[in-house]
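Here is a short tour of a few spots worth a look. Please keep the viewer open and follow along.

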Amino acid sequence: MMDLGGQTNTADLIKDSTDATFVTDVIEASKEVPVIVDFWAPWCGPCKTLTPVLEEAVRSANGKVKLVKVNVDENQMIAGQLRVQSIPSVFGFVDGQPVDAFMGAVPASEAQAFIKRLVDQSGGGGLDEALDTAEQMLDEGQLADATQVFAAIIQQDPSQPRAYAGLARAQLIAEDLEKAKTVLEQVPEDLTDDPAIAAIRSAIELQEQAAGAGEEGELRAKVEASPEDHQLRFDLALALMAKGDNEGAVEQLLDLFRRDREWNDGAAKDQLFKLFESLGPKDPLAQSGRRRLSSMIFA
C-alpha cells in the first residue's frame with residue numbers, strides 16, 4: 001500500500017480476482033487494508049453503472065481501501081459461498097472477514113460512506129499506527145527514517161495533518177527552516193486550522209524569531225545587570241528557545257509578564273501562548289506554564 005520512499009502503489013488498488021486467487025486477493029489482503037469485493041457480470045446493466053462509481057471512490061480514498069472485482073459468470077464458487085443472490089453485490093472485508101455489504105447500484109455518496117465505514121472499522125487503514133511510529137522515530141533521533149515515513153503517508157493520504165506537521169518538524173530539527181515552511185505551504189486549505197498544523201506553524205514562527213537572537217550568556221549577563229530592561233529579557237527568552245531550552249524561555253517570559261504585562265502590547269503573553277501552542281496541549285511544560293500564566297492573569 002505504501003513504501004518508505006514516499007510513493008503510493010496504485011497499480012494494486014483495483015484488480016480482478018478469481019475463485020483461485022480470492023484468498024490472496026481478498027482474505028489475506030484485507031488483513032492489511034480493507035478490501036471491497038464487487039460481484040458483477042458482463043450482462044448486468046446496474047453493474048456497469050456501479051463499478052465506475054466504486055473505482056472512482058477507491059481511487060479518491062488514496063490507498064485506504066482496495067477494490068477487487070469478481071465476474072460471477074466465471075467464478076461461481078466464491079459467489080455461492082457468500083450467498084450472492086443478485087448482482088451487483090458488494091462486500092466489505094476487514095481482517096479477513098466480511099463486515100458490511102449492499103446490493104444494487106448506489107450513488108457516489110453512498111459508496112464513499114461505505115468506504116468510510118470500512119476504514120473506521122479497520123482503525124484508519126493503518127495510517128494512525130504509521131504516524132505513531134514516525135513520530136516515535138523523530139523523538140528518538142531517527143530523522144531520515146521519520147522523514148521518509150511522513151512523506152510516504154502524505155503521498156498516500158494528503159488529508160493527514162499529523163504527517164505534514166511531522167515532516168515540517170523533521171525539517172526544523174534538521175535546521176532547514178525554508179524546507180519546513182515549504183511543507184506548510186503544501187497543507188490543504190481545509191487542514192490549516194488543525195491543532196497539529198497550528199502547533200508547527202507556531203514553532204516555525206518562533207524559530208524565525210529566535211534566529212536573530214543574541215548569544216545567551218551575554219544576554220543573561222546583561223539581564224542580571226539591568227533586570228528592568230524588558231527588551232533584554234525578551235531577547236534572552238528568544239535565545240533560550242533558539243538553543244532548545246523552552247523551560248528557561250518560559251521562566252523568563254513569565255518573569256517579564258509579572259514585571260510588566262502590558263509591555264510591548266502584551267508581547268510576553270503572546271510569546272508564551274505561541275510557545276505553548278508549538279509544544280502541544282499535552283506537553284507538561286505547556287500545561288504547567290498555562291496554569292502559572294492564568295494564575296498571574298486572574299490574580
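Thr51 sits in helix 2, which spans residues 45–60. In this predicted model, Thr51 has a relative accessibility of 12%, so it counts as buried, the cut-off being under 20%. Leaving aside residues up to four places away in sequence, Thr51 touches Asp38 and Lys69. Asp38 is 13 residues from Thr51 along the chain, and the C-alpha atoms of the two are separated by 7.4 Å.

Let us move on to another helix. Asp255 belongs to helix 12, residues 246–259. Its relative accessibility is 17%, and therefore Asp255 counts as buried too. The side chain of Asp255 makes a polar contact of 3.1 Å with the side chain of Arg233.

Here are the two residues side by side:

| Residue | Helix | Relative accessibility |
|---|---|---|
| Thr51 | helix 2 (residues 45–60) | 12% |
| Asp255 | helix 12 (residues 246–259) | 17% |

Now for a pair of helices. Helix 6 (residues 143–156) packs with helix 7 (residues 161–173) at an angle of about 150°, and their axes are 9 Å apart. Because of that angle, helix 6 is roughly antiparallel to helix 7. Their crossing is left-handed.

Which residues of helix 6 meet helix 7? They are Leu143, Thr147, Phe150, Ile153 and Ile154. On the helix 7 side, the partners are Arg162, Ala163, Tyr164, Gly166, Leu167, Ala170, Gln171 and Ile173. Sorted by class, this contact of helix 6 with helix 7 has 9 nonpolar, 3 polar and 1 charged residues.

How values were computed: Residues numbered from 1 in each chain as written. Predicted model: local features only at pLDDT ≥ 70, side-chain atom pairs only at ≥ 80, totals over all residues. Heavy atoms only, no water. Axes fitted to C-alpha atoms, helices over the stretch in contact; angles between N-to-C directions. Helix = DSSP H or I, 4+ residues; strand = E, 2+ residues; numbered from the N terminus. Parallel < 35°, antiparallel > 145°, perpendicular 65-115°, else oblique. Left-handed = near helix turned anticlockwise from the far one by under 90°. Contact = heavy atoms within 4.5 Å. Nonpolar A, V, L, I, M, F, W, Y, C, P; charged D, E, K, R; others polar. Buried < 20%, exposed > 50% of the residue type's maximum accessible area, 1.4 Å probe, protein only. Polar contact = N/O pair within 3.5 Å; in protein donor to acceptor, adjacent residues only side chain to side chain.
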